[in-house]
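Good morning, everyone. Please have a look at the structure on the screen, and we will walk through it together.

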Amino acid sequence: MHYWVKASASDFSGTLPQPRSGHTAVPIGKSKVVVFGGLLDKKFLSDIAVYDIENKLWFQPECTGNGSDGQIGPSPRAFHVAVAIDCHMFIFGGRSGSRRLGDFWVLDTDIWQWSELTSFGDLPSPRDFSAASAIGNRKIVMYGGWDGKKWLSDVYVLDTISLEWMELSVTGSLPPPRCGHSATMVEKRLLVFGGRGGGGPIMSDLWALKGLIEEENETPGWTQLKLPGQAPTPRCGHTVTSGGHYLLLFGGHGTGGWLSRYDIYYNDCIILDRLSAQWKRLPIGNESPAARAYHSLTHIGSRYLLFGGFDGKLTYGDMWWLVPEEDPIAKQFVESPPKNLPDNKGMAAGNIDIQSAFKESQRENSAIAELQRRLGISVSLSGPGLQIIDESEDKDFIELGSRLIEERVSINEQDLLSQKIEMVRDHWRKSSPNSIPLKELGPLLRDYQRLVTRHHLANSGSDFQSIESWLSGKEAHKFYHLKNVSQV
């Protein structure tokens, strides 16, 4: 069991960084975390904020340096890549206003000196929303991004000693081009998850790239991994953070599907267990932070530090610790676990009074019961557990998708299942209630149930085993009245 604990100003000394999204937060060894850049209220940032782990101190170093234009460090930017090699933090690309950047910088965090680097070889094009990871303690691999005109699927490897870029020639099947994805080195493989792809769809595929370690003498090649378990929903702008034998995925955003024209933002924690090679939901014992994307999540010892992000309306400046139950700061939750805590959305949310929140939830539940009694209605939600059928196992749903695809041309065969799912939802989105045949009513309502359930999971961090208990609470009253397709 893990718990989210909101950090307060008293937890740190020094000056905390201002709210932002699209920034980077890079751990330098075990001593510090360096936050750079980001976006706040349409203003691009270029400041450095450093967290001294041992002294629990935030500070802003006075950096020196010289760029090609005479500036001390990189120009303001967001959605760039940042990777640490020893005491050096390498920065590439990003966006400033409407411009995609292709400059290349390094910060020596021992003396706080910026240097603009002149590299050679196969130079990457300017881009934002790319993703990169360190290969050992000398090289960096970067994949994908958006250059302002097209989504990218290229792979570049940088030697940080010789400063030579090399575009990796990869044969065989390739992942669809994308941006806003994650890319994480796990031993000898680069794992890429999700992102927004060509044409705009948001993806949930997982790919592994081999051939990055010279000593292995492997031919570079991609393999799509289809792992069992509770896989994440399609998303971009999420984080994947390495923590021991598992990778922790948090947040991001996806599309609302045919039910909504708005994006859905997530605050769920999903782990990729490297030992069992499957997806699992991380058990969380209390309320999660507000849903967000383009945040940072940094692994510090046994804890994770969440900072910033954006939810479509607000830019966050809050900080949260995600800690195991044996952590001292989790003790308050283990001894007196909170229930139905009010949402803490917003930058200025204060500390939550657990006891008053619990009493408030009891009042809400009793109020619903009293309303049912006075109106003389009975809403029974007991019975066999709720069965959520995945799209791939919904025979009627997939058959409808197959029929619709046969009526179209130029369908991308790389991800046929996703094409069928999107085709069916687009068909329903464009249909009036009276035009939908009766035989489509079953798969339509099952899909509605799937999307409602996933929306709840995204906002609670629960797993499917907790859905039945959720349906006994007040959230269910929003949906029990649906009887037919016209009401959807």
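Start with a caution. Over residues 337–365, pLDDT stays under 50. In the model, that stretch has 37 contacts beyond four places in sequence. Residues 460–488 are also below 50. There the model has 54 contacts beyond near neighbours in sequence. Remember, this is a predicted model. Across the protein, the mean pLDDT is 82. And 78% of the residues reach 70 or more.

Now to the core. Which residues touch the most other members of the largest nonpolar core? They are Phe-12, Tyr-51, Trp-58, Met-319 and Trp-321, out of 17 residues. E1, E4, E5, E29 and E30 each supply at least two residues. E30 gives the most, with 3.

Take Tyr-51. Leaving aside neighbours within four places in sequence, Tyr-51 contacts Phe-12, Trp-58 and Trp-321, among others. The list also includes Ser-31, Lys-32 and Ile-300.

Is E30 enclosed or open to the outside? 6 of its 6 residues are buried, so E30 is largely enclosed by the rest of the structure. Look at the two sides. Met-319, Trp-321 and Val-323 point one way. Trp-320, Leu-322 and Pro-324 point the other way. Why the two directions? In a regular strand, side chains alternate between the two faces of the sheet.

What pairs with E30? E1 runs antiparallel to E30, joined by 5 bridges. Here Tyr-3 stands opposite Val-323. E29 also pairs with E30 in the antiparallel sense, over 4 bridges. In that pairing, Phe-307 has Met-319 as its bridge partner.

Next, the rings. The whole structure holds 19 aromatic pairs. One of them joins Trp-105 and Trp-114. Trp-105 is buried, at 0% relative accessible area. Trp-114 is buried too, at 4%. Elsewhere, ring pairs link Phe-90, Phe-92, Phe-104, Tyr-156 and Trp-165 into a cluster.

Last, arginines over rings. Arg-235 lies over the face of Tyr-266, 4.2 Å from the ring centre. Arg-450 lies over the face of Phe-397, at 5.0 Å from the ring centre.

That's the tour. Thank you.

Key:
Residues numbered from 1 in each chain as written. Predicted model: local features only at pLDDT ≥ 70, side-chain atom pairs only at ≥ 80, totals over all residues. Heavy atoms only, no water. pLDDT = per-residue confidence, 0-100. Contact = heavy atoms within 4.5 Å. Core = buried A, V, L, I, M, F, W, Y, C linked by side-chain atoms within 4.5 Å. Buried < 20%, exposed > 50% of the residue type's maximum accessible area, 1.4 Å probe, protein only. Phe/Tyr/Trp six-rings, centres within 6.5 Å; stacked < 30°, edge-to-face > 60°. Lys NZ or Arg CZ within 6 Å of the ring centre and 35° of its normal. Pairing = 2+ DSSP bridges.
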